[in-house]
Amino acid sequence: MSATTELPSPAASRHALPDPGEVVPAISWPIVGIFSGAIALFAFSTWAALADRLPAPLTIVLSATAIFVLFTVLHDAAHYSVSTRRWVNVAFGRVAMFFVSPLISFKSFAFIHIEHHRNTNDDANDPDHFVSGAPMWQLPLRFPLMDVPYLSFLVRNVRRRPRAEVAETVFLMVASVAVIATSAFTGHLWALAVIYLIPERVAMFVLAWWFDWLPHHDLEDTQQENRYRATRNRVGSEWFLTPLLLSQNYHLVHHLHPSIPFHRYVATWRRNEEAYLERDAAIGTVFGQQLDADEYREWKRLNGRLTPLLPVRMPKRSSARAAVFHTVPVADVDRLTDDSVLIRFDVPADLRDEFSFEPGQHVTVRTDLGGVGVRRNYSICSSATSGELAIAVKHLPGGAFSTFAMEQLRAGDTLDLMTPTGSFGTPLDPLTTKNYVAVAAGSGITPALSILRTTLAVETESRFALVYGNRDAESTMFRAELDELEARYADRLRIIHVHSRDPHHPASLRGRVDRPKLERWLDSDLPADSVDEWFLCGPVEMVTDLRDLLLARGTEPEHVHVELFHGYQLPRATDDFAPASLTIGLRGRQHDVSLAAGDTVLESALKAGLEAPYACLGGACGTCKAKVLLGSVAMEQNFALSSAAVEDGYVLTCQSHPTTDEVRLDYDA
Ligand code: FES
């Protein structure tokens with residue numbers, strides 16, 4: 001069994017966007033194919049024009065066709081759909097961009113295009129609304145000038161973009177003007193116009209018409225209001241239109257699942273068709289007739305067949321009664337930044353249920369380093385629906401395990417790994433629509449990343465904002481993955497990077513993630529009453545400061561979830577508490593233990609030789625959680641249990657001192 005359960009619930013299929021059943025391929029061969037064909041076609045038309053083998057109109061048609069096709073490569077690269085490898089997408093995107101519009105860098109194009117996805121049909125914020133919202137009589141003028149609103153959008157948002165990207169775009173503009181001026185000066189302007197300038201405008205005309213106007217015009221909803229009705233599919237004559245439009249007749253599928261390669265749109269729609277219809281998806285026919293769901297079913301009755309719906313995948317907690325160690329092989333160790341690594345585990349099939357987890361949970365790693373037992377707790381960073389178990393380790397100066405992980409740990413080594421514990425995340429529901437915000441600093445990203453990935457996969461209507469603080473871009477863990485996720489979930493995920501030591505970062509996002517910044521966001525982009533759940537993960541000062549602010553602004557404590565990464569205190573030695581008799585339930589057995597004055601419950605359990613679970617010893621991780629069944633204890637500190645859990649009788653045994661002569665606790669409860 002895997003870390004997921006399947007929920008083929010008809011109720012779920014009514015509301016949540018179904019799993020498209022598609023993954024980004026290691027390499028999309030159809031995209032490689034059209035890329036190679038388009039480059040060859042452009043080379044041929046250029047040669048033919050220079051050798052005077054073709055009349056100018058035919059050269060223009062061939063070159064425009066090549067540029068039109070290359071736009072699809074660029075478009076899929078901007079959504080990281082060409083390959084699972086980021087650099088492959090960037091490489092294809094940069095080359096294709098050069099043909100489509102040498103005025104804008106690939107990164108700038110990707111930024112502007114993601115804003116189109118985020119704000120489709122929003123007059124003020126959708127750069128493509130220049131075309132899709134234009135009056136009919138202006139369309140012939142606006143279609144070939146589609147890159148003008150892109151440039152002006154970039155100028156308006158230039159402060160949000162990295163300087164290197166802006167510099168690249170400026171360089172490309174200057175170089176383009178220089179090439180045109182040189183051609184004019186040397187008498188080659190007409191040749192340049194036939195080979196490139198006119199075909200590029202012709203391709204722009206067709207792209208604006210087919211990619212923007214056809215899917216979006218005359219739809220009143222914006223992406224934020226109703227993602228199923230901000231874009232339409234155009235049905236009928238697929239045998240002809242799908243290859244001609246390179247699948248953009250099913251553009252709605254692209255806006256719902258931006259990471260699917262273009263050649264899978266139609267298959268995705270057909271696989272989930274009834275589920276989309278239940279959400280009132282916007283549909284038009286080839287001839288412009290708009291169809292509601294019933295009209296479409298009727299239209300389709302003569303020539304279509306419905307296929308089964310796919311199930312919704314759900315995360316599942318560990319099946320272990322109480323946390324327990326198992327020896328687990330390391331699948332691979334990958335460098336994330338100069339001072340952090342990603343460790344993936346190869347969980348044996350018979351342990352998969354015990355190592356299934358919910359987003360936000362963590363595992364404790366135990367190993368022997370030079371004769372010294374070392375035990376560390378790390379949050380799981382993989383999605384809880386992926387079937388993968390991975391942690392990220394950031395190097396701490398002098399840190400025994402982090403140094404070992406950075407320098408010596410290799411694929412095939414084994415580690416003692418405790419089954420997942422903790423409750424930082426919130427329960428997910430495919431039928432719900434919520435707004436989540438995570439604020440993380442440094443390695444605090446790890447649980448936030450698992451929560452973010454899982455939530456966006458399970459709750460297909462929910463939105464997520466991540467505020468992530470780091471020194472600079474280079475020290476940002478999972479930087480490429482976050483870019484990719486933002487492109488994939490363009491209309492539902494927003495990431496705000498804050499850099500403390502990057503003089504080129506936008507001024508408003510420079511410094512630490514702190515109270516004044518959160519106050520600003522609460523007053524503008526992230527009003528507290530619009531957020532359902534907050535996740536704060538990082539150093540204790542940041543987390544407590546931000547939590548206090550959120551509570552002061554009226555957020556209920558049970559909606560502010562905290563996870564501490566550094567700064568918590570170990571329990572202090574104290575004489576304030578008397579000896580007591582303990583009865584401890586652990587893995588189905590009862591143990592009588594004497595507790596010496598001042599000891600914590602966990603200390604006495606360990607002194608008695610019990611394998612009681614623990615990790616941080618600072619009240620931060622929740623691994624040592626147990627339920628008090630008789631008597632009472634006092635906790636020194638608690639950063640891991642919610643007030644509801646405490647009311648239910650749960651305590652952190654690493655922080656607990658008995659306040660009655662007799663106490664009965666159960667780790668299995
Ligand atoms: S061991 Fe981490 S909270 Fe007790």
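Here are some questions and answers about a predicted model.

User: How do the residues of the contact of α3 with α4 divide into nonpolar, polar and charged?
Analyst: Contact means heavy atoms within 4.5 Å, and the residues making this one include Ile67, Leu70 and Phe71 of α3 and Asn89, Phe92 and Gly93 of α4. Ala, Val, Leu, Ile, Met, Phe, Trp, Tyr, Cys and Pro count as nonpolar, Asp, Glu, Lys and Arg as charged, and the others, Gly among them, as polar. The tally is eleven nonpolar, two polar and one charged.

User: Why does Asn89 count as buried?
Analyst: Asn89 sits in helix α4. The cut-offs are under 20% relative accessible area for buried, over 50% for exposed and in between for partly exposed, using a 1.4 Å probe and protein chains only. Asn89 is called buried because its relative accessible area is 0%.

User: Which residue has its backbone nitrogen 2.9 Å from a polar atom of the side chain of Asn89?
Analyst: Leaving aside neighbours within four places in sequence, Asn89 is in contact with Asp76, Ala77, Tyr80, Ser81, Val82, Ser83 and Phe106. A polar contact is a pair of N or O atoms within 3.5 Å; within protein, one must be able to donate a hydrogen and the other to accept it, and residues adjacent in sequence count only if both atoms are side-chain atoms. The backbone nitrogen at 2.9 Å belongs to Val82.

User: What is the strand order in the open sheet of three strands?
Analyst: Two strands pair if DSSP finds at least two bridges between them. Strand β2 (residues 232-235) and β3 pair in the parallel sense over four bridges, while two bridges join β3 to strand β4 (residues 290-291), which run antiparallel. The edge strands, each pairing on one side only, are β2 and β4. With that mixed pairing, the order is β2-β3-β4.

User: Which residue in the turn of the β3 and β4 hairpin has a positive phi?
Analyst: Within β3, Ala282 and Gly284 point one way and Ile283 and Thr285 the other, and all are buried. Gly284 has Gln290 as its bridge partner in β4. Four residues lie between the two strands of the hairpin, and the one with a phi of about 90° is Gly288.

User: Which are the edge strands of the open sheet of six strands?
Analyst: The order is β9-β8-β11-β6-β7-β10, with antiparallel pairing, and the twist averages 40° from one strand to the next. Eight bridges join β8 to β9. Pairing on one side only, the edge strands are β9 and β10.

User: At about what angle does α16 run to β9?
Analyst: In helix α16 (residues 400-407), the buried residues are Phe401, Ser402, Phe404, Ala405 and Met406. They pack against β6, β7, β8, β9, β10 and β11. α16 lies across these strands, and its angle to β9 is about 80°.

User: Which backbone oxygen does the side chain of His657 reach?
Analyst: His657 belongs to strand β22 (residues 656-658). With 0% relative accessibility, His657 is buried. At 3.1 Å, its side chain reaches the backbone oxygen of Asp599.

User: Is Asp52 buried or exposed?
Analyst: Asp52 is found in the loop between α2 and α3. Its phi is near 60°, a positive value in a residue other than glycine. Most residues other than glycine have a negative phi. With 66% relative accessibility, Asp52 counts as exposed.

Key:
Residues are numbered from 1 along each chain as its sequence is written. This is a predicted model: local features need pLDDT of at least 70, side-chain atom pairs count only at pLDDT 80 or more; totals for chains, interfaces and linings use all residues. Side-chain values use heavy atoms; hydrogens and water are left out. Axes are lines fitted to C-alpha atoms, for helices over the stretch in contact, and angles run from 0 to 180 degrees between N-to-C directions.
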